Amino acid sequence: MRKLHCYLMGVLLLIGSGLLAQTTEVTGKVTDPTGSPIPNVSVRIKGVRGGTSADANGVFKIKVVPTAVLIISGVGYEATEVPVNGRTSLTLSLKAGTNALSEVVVTALGREKEKKALGYAVTTIKGTAVEQRPETDIARLLTGKAPGVNILNSSGISGSGTNINIRGISSINAGNATPLFVVDGVPFDAGTNVNANFQYGGGISTTSRFLDLDPNNVENINVLKGLAAAVLYGEAGRNGVILVTTKNGSGHKSQKKLEITGTQSISANSVANLPDYTHTYGGGFDLAPSAAFSNWGAKFTNPPLQMSYSPALQAAFPQYAGKKQDYKFYNSVHDFFRTGLISTTSVNVSSAGQNTTFNANYSYTGDQGFTPNNRVYKNNLGVGGTAKLSNHFTANAVLNFAITDMQTPTVGANGGGGSADKASVFGNLFFTPTSINLMGLPFQNPIDGSSIYYRNTNDIENPRWAANNNITNDKVYRTFGTLGLKYEVIKGLNVSYRFGLDNYSEYQSLSVNKGGKQGDNTYKTGTYRTTNIQNTIINHTLIVNYNTTFGNDFTLDVDAGGDFRHDLYNQTGMRSNQQLVFGLFDHSNFISHDSKDEGDNDLDYKSEKIREGVFAQATLGYKDYLYLQASGRNDWVSTLEPTHRKLLYPSVSLSYIPTQNLSFLQDSRAVNYLKLRVGYATSAHFPDPYNTRSSFNLTANAYIDKNGNVVNIGGIPDRVPNPNLKPELLREIEGGIESRLFDNRITLDITGYFRTAKDQILDRNLDASTGYHVTQINAGSVDNKGVEIALGYTVVRGKDWRWELQGNFTLNRSKVHGLPDDIKQINIGGYSGGPGIFVINGKPLGILEGSYVQVDPKSGKKIVDANGYYLGSSDIGIIGDPNAKYNLTGISTLTYKWVSLRMQWDYTKGGQIWSNTVRTMLARGVTKDTDFDRTLPFILPNTVKQDGTPNDIQQSVDNVYFNSYGFGQASTQVWDATVIRLRELALNFSIPAKILKNTPFGSASIGFSGTNLWYYAPNFPKHTRFDPESNSLGVGSAKGVELFSGPSSRRLGATLRLTF
Amino acid sequence: MKSKITIYLAAALVFLASCNKQLNPLLTDPSKPSPAAADNDLYLNNIQLRFREFFQDATDLSDQLVRQEVMFGPTYYNAFSPTSFDDIWNKAYVDIFLSANTMVPQAEAKTQYIHAGIAQILKAYTMVTLVDLFGDIPYSEATKGVANTNPKVDPGKAIYDSALALLDSGIANMARKTSATPTPSNDLFYGGDGTAWTKLAKTLKLKTYMQERRTDASVASKISALIAEDDLINAPKYDFVYSYSTHAVSPDARHPHYGSNYGASTGTSDYIGTYFMWALQKDKSMPDPRTRYYLYRQIDDINNDARLPDQTTTQFAIPCLYRSSPYPPTTCYCIVGTGYLGRDHGNNEGIPPDGALRTTWGVYPAAGEFDANQNLPAGTGGKQVHGAGGNGINPIWLSSYTYFLKAEAALVLGAGGDAKDWLTKGVNASFSKVAGFPAAIGYTLPTTDTNLLITPYKQSKYVGIVQGLYDGASSDDDKLNVIMKEYYLAAWGDGVEAYNNYRRTGKPDNFQPALGGNAGSFIRSFFYPSVYVTYNKNAAQKSTVDVKVFWDNNTDNLK
């Protein structure tokens, strides 16, 4: 700090030398350090009222006495005092702001504001924190980087959906808690268009649309967490807002006239976690070797036992007929996976003229998953530019084009019961008995293409067959961009208009060859499902901005305007069954055709929504240390009946900077900057379309009778329409402290908030005896309260060495209350009969319920039945809370000259998960967790019989694991998801400029980085090595149920970046 | 400057005002028809299709308890989770009750009396069966939508009475039919024949009264009256059956037991109860001639077959063969004969790879294969048998059932006619139904060998044995056992009646007990469905499964 000060003084002295002592009008031009003019900076005379501001070209004129001192200040630049010293013409260069007082952030509707004036929390993440990473999903790259933001993967499958939510989840309704994405000022659809429910892999095999963003094209990301920050976005911003500014949209000026940056990364994508399989026992049951799905067979011997090949294998491949195979350990599951290659190539061109900027960007990513046939290809192309015209107009335009193409073997929610009920590549993999030679034997019948595996009839599908013949594809062509015009009416009054378009076509398909063994008959005979989605968001925004100063001490900044948003979704689809020619996927190659998906949902539908809003926001500043901001918005939304569709919601916030005000703090070395803020804000939530009016339910071709007649049926929809539905109101109070302490070595930001969302719009489940299944109502409240802390500490700040530590802490508690008495509970995910996720009065949002073991009230011990197995419940009860207690992230950045080492650790405490993967591995005895002596009989420990006496019923150990520990009551299959993880490790070399001096390169760097390098989840059975960061319920408000979602991914790679 | 600003503001306001008008059309879902599209034929077919699903669910649950199919258990308590009943509950209330309640007044207003009557009769059957399965259930407070979100239960007896009243309304509507009355466009049961529907309604009244006969003495006279009137299902042409077709997908309109056993390359998936096969094959001095129609053996001789190459595989595929029977010698175990392989009651072992070995559903009623010693697995593909293609039936009420009920009524209540005569008629009706079935569905039997087919000689020999057993029975109770055994054997494909009969009479009295001997109390009514207990505040789940329905005052120790 002191150094900086000296430097500044030096500059000022230079400027001040050689001046004449005359009274005159001074003409000045303000530029940034590159020489480009800075428009609209404020020019004041120290100690005198009034002032002026520069025009669009940075030029100003002001009458002063020769001894006057000018105070030049502009948003984003350090305020500078310049003594006139009698000069008439000045050229001033302002330094980009580096201290807390001049920090500028992008806020709602893309308005750049001084951070000190904000009464709410905004977290900025620089593009450098997300680019050049071996991860293509921008949301996953944000993990841990902003307190209050929670990110949960659905799977390690490349391109699988990602959950993001900010400050907990405010809405009970299982819909989307994903924050609003705004790219270059324009709303960007971040939904996940699931066309099969979670059981059919919809949650995992469908990409989330923010995958269409290119992390390498990000200039910066601003996360608006609270309602106060997002109120101008209206209801769309109620889950928080992620503002992405792309390099194309930033209007950022390059250092040179033309700058080209090329980046190339290569990474390896491998499985992060595989169970430790037993090397002692093989497949079978009751210590006898056999073709069972379980691993409770014989002990391995030397020489090994000899087993027959399966009859189907012998029939299809005569070389195996009559031969035997060794009954020994095969490392099947490990060998099933591969190491995928991720390659990203990115080129960025930027150029700047006197009044224009131009940026173009192209990048290509190929991401091969660790699972065979899983991959993502991304092509991103974008251009953008700004032009300042002489007639007070400023224009900017951005156009981005993305092709995202994801493919994976289907990952359905599989029950783990052997003959798989729902098709999944992982459904039969993880419990492969250790004596099965999965990789050494053929998996496909050469004649008819069908699956061949180790047993016949009541088969399971060979996972290798599944990986090759059971494919989901999701391909998107997307265009999004903006056109903006700004007109300066008079100095300080601007009118701007922005048109935004986000348009994509998404093509999804499921291709299953005939000859499989899992799923129902429609799968086994071959299935081909295709859907075409057309999604369009059109947005018009008109804003009037006025800022002025009055009196000596007051500043006023007003934004007012309106916006119009039109959402159109249109989907057509078809599902065909009974494949004729193996391997060919075309609807004409199938015998029968249907317009419904596997879960009997329509594949054809459309939806349209219009939202109109007017808004205003005013910030009143007093003497640079007190800011009062008030805003309000009124929305009209087409999804509600006219009497309910309008809602006005206001907010107000206050920011106070004592370090600017209190004299004893102004020169404090301990407290360099301190800001206190408090805000109250409201927002709204409007329902999805078509919930207020009744319709008729028609099913064509429901049945073909014995005479061949087509039977069509009709009935009353099982959803009761609700014409009285009204919008949901969210209220939030937040307060916070932002500070820089001890010579700016420590930064500490603390935010606390309390949010309540009442009159929840929720899908209320009905007992079928009412005649219906569901209705949408306004009822109940969800409270979320929490703390977000960001603590930074610059440990070393030397000439060559720099070591920074950053800690982010997130804590959120939710509570549901006020549900009417007639509602028992509401199911928001999973199975309604358990395990599933429910909402209950007085509990956190999203409680895990399922069947449980009955407990003897006297002894408190679990009860066993007459066979010595756990006695289950005849209903469901609470068996866990999937909500984490808190999240902690630690980031260390160590820099030595041109080398930097960055490391990110994440710790999640608490949260429980029902894991099908783990329970199945225990039930089937495949891991080292069950490596004990299996010959001894077993009595379930700490249990009593139904009469209360101690349990003395002996059972074989495999029966107990199978019936009680594994496939028993859901309550015995819930584990604490506490996990610590080395999320990122990156080593970066920036070649020093002096070395590059005589080369064409402006800058060059090479980096090595890895993600998810190590983790430890201490509360899971040790050898299952399960990664709790997965969620089979896809993207939504429910989490805590895992159904063979697959392992997580570890990525290691290198990136070379060159600038010309 | 001021004027400029005014222009901007005015433009903005005009822009917003014009937008607001376009919101209203967006309230209606463009993908769904409006309620005006409702049509009584569409409602009727909805009720009928859901009704057959309801029946299928009911029979698949109850036939496990009477050993027609396997109950895995191992205890009665954990044999069925509450989620097993969600489907049947949903179909009954959401599809059948609500549609019927909506459609009946509309149909009556349009003089569509047959539509209305059918809906009433099917609804009545559904009500009675729900009570039979669950006991007291919501009825008078049910199907009121959001007006009552937590319907309370009514006593089973009250629901029975409502169902009987509804049957009378159905009968009355059928009688209102004139030549101007529109017939349903596609009545999937009786082709719009009001006479047949009337007979069904009266037969269902008889069934309902018979169910109550032990707890309500007043029903005896009503039973006698119905039998005396004899406007009942007393001939095969009035049999109340649901007929499937061979259409395999989109939609799959085949018999569900065909689809699950013949429709897949992975082999069969159902297990037939060992006791049922034993009762057909070994219980009498001759094997039941219906067996080869009822059941298809995939393997003729378990002990000598190339498909079981070595001892290890066999032991794994059929583990019970390598264990000694836990039962007394008179009780069946594991395998009947050399090829009737099913599963013992309450056996919850892991599923072995026996999909190509199990005995499965035959040509009657699932339209599978006739057992002509083909010795081939069932399923799709090359060397497998495919049977008739799935155009089977649900035998919901057959004329034989009427005769057996009459026999019971004559024996126990003296309701009219001679019990042995009704019994004989019942057996003969069942034999005719089964023997004539392949031709009725257009299936050519794979053999003409009279040793395998039902012949008049074998039929009369079998009838003679039954009559001998009846005559030889020392008490009315034993005579009832003979009647109920024949009812049980005739009711293949209808677990609903067999389960009701067993709870009402305790017959047949020689069921195979559950394997392991620790099955606990027999299921006298099922747990309430999960969807009901989870979402209805007034629902209280049962803690045991031995809660009897109102008409069941039978002994506690059914097995």
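This is a predicted model: local features need pLDDT of at least 70, side-chain atom pairs count only at pLDDT 80 or more; totals for chains, interfaces and linings use all residues.
From its first C-alpha to its last, α2(B) reaches 32 Å, which is close to the 33 Å expected at 1.5 Å a residue. The N-terminal end of α2(B) is capped by B:Asp39, a side-chain oxygen of which lies 2.9 Å from the backbone nitrogen of B:Asp41.

**The contact between the chains**

The contact between the two chains takes 97 residues from chain B and 97 residues from chain A. The area buried between chain B and chain A is about 7,900 Å², with carbon and sulfur atoms giving 61% of that area. Of the area that chain B buries against chain A, B:Leu26, B:Leu27 and B:Tyr535 supply 11%, more than any other three residues. Between chain B and chain A the count of salt bridges is zero, whereas 27 residue pairs, with both residues at pLDDT 80 or more, are in polar contact.

Several elements of chain B, among them α2 (40–62), α3 (86–109) and β3 (240–243), each supply at least two residues of the side that touches chain A. The largest share of that side, eight residues, comes from α1(B). By residue class, the side of chain B that touches chain A divides into 48 nonpolar, 36 polar and 13 charged residues.

**Salt bridges**

Over all chains, a search of the whole structure finds 72 salt bridges. Three of these pairs are set out below.

| Pair | N to O distance |
|---|---|
| A:Glu788 and A:Arg167 | 2.8 Å |
| B:Lys205 and B:Asp168 | 2.8 Å |
| B:Arg297 and B:Asp371 | 2.6 Å |

The side chains of A:Glu788 and A:Arg167 meet in a salt bridge, and this pair links distant parts of the chain, with A:Glu788 in strand β42 (residues 781–797) of chain A and A:Arg167 in the loop between β12 (162–166) and β13 (180–183), 621 residues apart. A:Glu788 counts as buried at 2% relative accessibility, and A:Arg167 counts as buried at 1%. A network of salt bridges includes A:Arg167 and A:Glu788, with A:Lys225, A:Lys675 and A:Arg755 among the other residues linked in it.

In chain B, the salt bridge between B:Lys205 and B:Asp168 joins two helices: B:Lys205 lies in α6 (residues 194–212) and B:Asp168 in α5 (residues 156–176), so the pair ties together parts that are 37 residues apart in sequence. Here B:Lys205 counts as buried, at 13% relative accessibility, whereas B:Asp168, at 36%, counts as partly exposed.

The salt bridge between B:Arg297 and B:Asp371 involves two loops, with B:Arg297 between β4 (295–296) and α11 and B:Asp371 between β7 (360–361) and β8 (393–397) of chain B, so that parts 74 residues apart in sequence are tied together. B:Arg297 counts as buried at 7% relative accessibility, and B:Asp371 is buried with a relative accessible area of 0%.

**A buried loop residue**

B:Ala491 is found in the loop between α15 (476–490) and α16 (495–505) of chain B, and at 1% relative accessibility B:Ala491 counts as buried. Leaving aside residues up to four places away in sequence, B:Ala491 touches B:Gln68 and B:Tyr401. B:Gln384, by contrast, is 28 Å from B:Ala491, C-alpha to C-alpha, and 107 residues from B:Ala491 in sequence.

Methods. Residues are numbered from 1 along each chain as its sequence is written. Chains are lettered from A and ligands numbered from 1 in the order in which they are written. Side-chain values use heavy atoms; hydrogens and water are left out. Contact means heavy atoms within 4.5 Å. Buried area is the accessible area (1.4 Å probe) that two parts lose on being put together, summed over both. A salt bridge is a side-chain nitrogen of Lys or Arg within 4 Å of a carboxyl oxygen of Asp or Glu. A polar contact is a pair of N or O atoms within 3.5 Å; within protein, one must be able to donate a hydrogen and the other to accept it, and residues adjacent in sequence count only if both atoms are side-chain atoms. Helices (H or I, at least four residues) and strands (E, at least two) are DSSP runs, numbered from the N terminus. Ala, Val, Leu, Ile, Met, Phe, Trp, Tyr, Cys and Pro count as nonpolar, Asp, Glu, Lys and Arg as charged, and the others, Gly among them, as polar. Buried means under 20% relative accessible area, exposed over 50%, partly exposed in between (1.4 Å probe, protein chains only). The expected span of a helix is 1.5 Å times one less than its number of residues.
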